[in-house]
Amino acid sequence: MRLRHGRLLTVLCLGCAFPLVWYAAWQGARENDLDMYQNQFLELRQRLLYAEKENKKRSQELSSALDEIKRVVAKRMNLTTNHTDDMKWKVLNFTRKLPVNLINMYCYLPHLQEYEDAVFPNVIFGQQRTGVSLVMGIPTVKREKQHYLISTLHSLLYELSEEEKNDCVIIVFIAEVNAEYVNSVAESVKTSFPREIQSGVLEVISPPASYYPDLSNLKQMFGDPEDRVRWRTKQNLDYSFLMLYAQPKGRFYLQLEDDIIAKPDYIQSIRNFAAKQSQDWMILEFSQLGFIGKLFKSEDLPLIVQFFLMFYKDKPIDWLIDHLLWVKVCNPEKDATHCEKEKAKLRIRAKPSLFQHVGIYSSLAGKIQNLKDKDFGKNVLHKAHNNPPAKLSTSLKTYEQYTLEKVYKGQDCFWASAPVAGDYISFTFLKPLKVEKYFFRSGNMEHPGDKLFNTTVEVLLADEMLKKELLGNGSKYNYPATKDGYLQIGAFENGIAEGSINQSMGKIQAIRLSVNSDSPVWAILSENSCITYLACEAQLRPHSPAHALHPDSSVRNKLHRAFLCVDLY
């Protein structure tokens, strides 16, 4: 009996001891796991600190490389200062190159390591202008049908003041590698805008063929077909290349497309809107469509391009911009409404829009896009002036309701089918007038190419004796005389004719625009102004203290003229 009790006690002791042993073993294993996790966290922290240290080191190296590149560029510019115009303007000189600056592209485009000049653009035309306020970038590619580039450039340059032209640069980036096509586009730009090319307001560049990686085996995403994925991937690379080239040239960068029109005062409107921003911003939007009319600070472009290049294969450019803003300001622990509010602080929309999309045929083959910015409104396609009464006539065939009478009265533009040699537009005053100045503008914002070419401005004198003298002895005013007694006093240049009329000619009976050669395009007359002395006298205020009270009669007369004519334009 005693033995049985002893065995039972032993079993009970062992039964109690086993859970204790098991618990001690479990607790020890748990402590070992915690130690392991702590070690992993410490190792991760060390890696992050090392990565941060390496990142600072790479940033310093990039900064040093930047300074060296800028020094080399400045040296090249100094070396070319004394070159002759022939050397500067050798057509399509692909040996003149500028480096693409600012970031190490080899991390995201490793194939570039195999090509020494892969990040150097071909500067086809340009004066390497820098130090401007606004740089505009226009990528253009080959389209299957209609091309819009020249019309877009006409619209951007239309009515720009000399001050604005001197403080901006427009970069046309021909994003193709076919030399024949690139040459043809560059020649077209140079032929259409020789002055702008020579002055430096317009530059034409193209990428080296080695810049682009192999785009044949891209991953298809979002249900897009292979050709669309390839198209948008190349587009991301094009934007990145253009932005990096533009970055050191000016304070702000404006992204545009090659199929748009602009409001006449777009540069001043951009200046005004940017100046009144009180908060720090990243993007100012002057169009609601795609990547049109987006203004960036040039100092932000390296960061933006680096983000583009990290994901250039994955998403379209407008999506990447939105993701970049999300990364910068959105809190994952808060809702989408909060995120949108935060992004809106960096991405500020201006209204009305300054740029309208006009292209129908996309650069993506087979794609039709009738996208319109509803906030752009209607462009004013003519400019009104108070012209003197006159009888109007023309040999041109008027298109629909766009009559000559409407442009003369400032109600609309005059639009006619393609002029031929011998065509004319005539303004015969009901009473002969002393005309001080004239101004004619052809083309408008929507049809900037519909200009008058090889067209002269002629006047018919009211004095019969003077007319006979001119026909008998030639023009004593050094103006060519026509067989019917008109004097050629000016001509259209880049769509505009303006000038002053020698007052010794006396009163003018008529002004005529004469077309001297056939034109391949239609013609629009969008502005017509005849400044006359009669117009000044019509604004006479004889008792104005500005001239009536001055003791010197000669000074009174000068003040009288100045007071009357100050607001004629």
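Modeller: First a definition: two strands pair if DSSP finds at least two bridges between them. Strands (E, at least two residues) and helices (H or I, at least four) are DSSP runs, numbered from the N terminus. This is a predicted model, in which local features need pLDDT of at least 70, side-chain atom pairs count only at pLDDT 80 or more, and totals for chains, interfaces and linings use all residues. Residues are numbered from 1 along each chain as its sequence is written, and side-chain values use heavy atoms, with hydrogens and water left out.

Colleague: Which residue of S4 does Phe 125 stand opposite?
Modeller: In S4, Val 204 stands opposite Phe 125. Strand S1 (residues 122–125) and S4 run antiparallel and are joined by three bridges.

Colleague: And how many bridges join S3 to S4?
Modeller: Four bridges join them; S3 covers residues 168–174 and runs parallel to S4. Ile 171 has Glu 203 in S4 as its bridge partner.

Colleague: Is S4 mostly covered or exposed?
Modeller: Strand S4 (residues 202–206) is mostly covered, with five of its five residues buried. Buried means under 20% relative accessible area, with a 1.4 Å probe and protein chains only.

Colleague: Which way do the residues of S4 point?
Modeller: Leu 202, Val 204 and Ser 206 point one way, while Glu 203 and Ile 205 point the other way.

Colleague: Changing topic, how many helices and strands are there in the protein?
Modeller: The protein has 16 helices and 19 strands. Of its 569 residues, 44% count as buried.

Conventions
Buried < 20%, exposed > 50% of the residue type's maximum accessible area, 1.4 Å probe, protein only.
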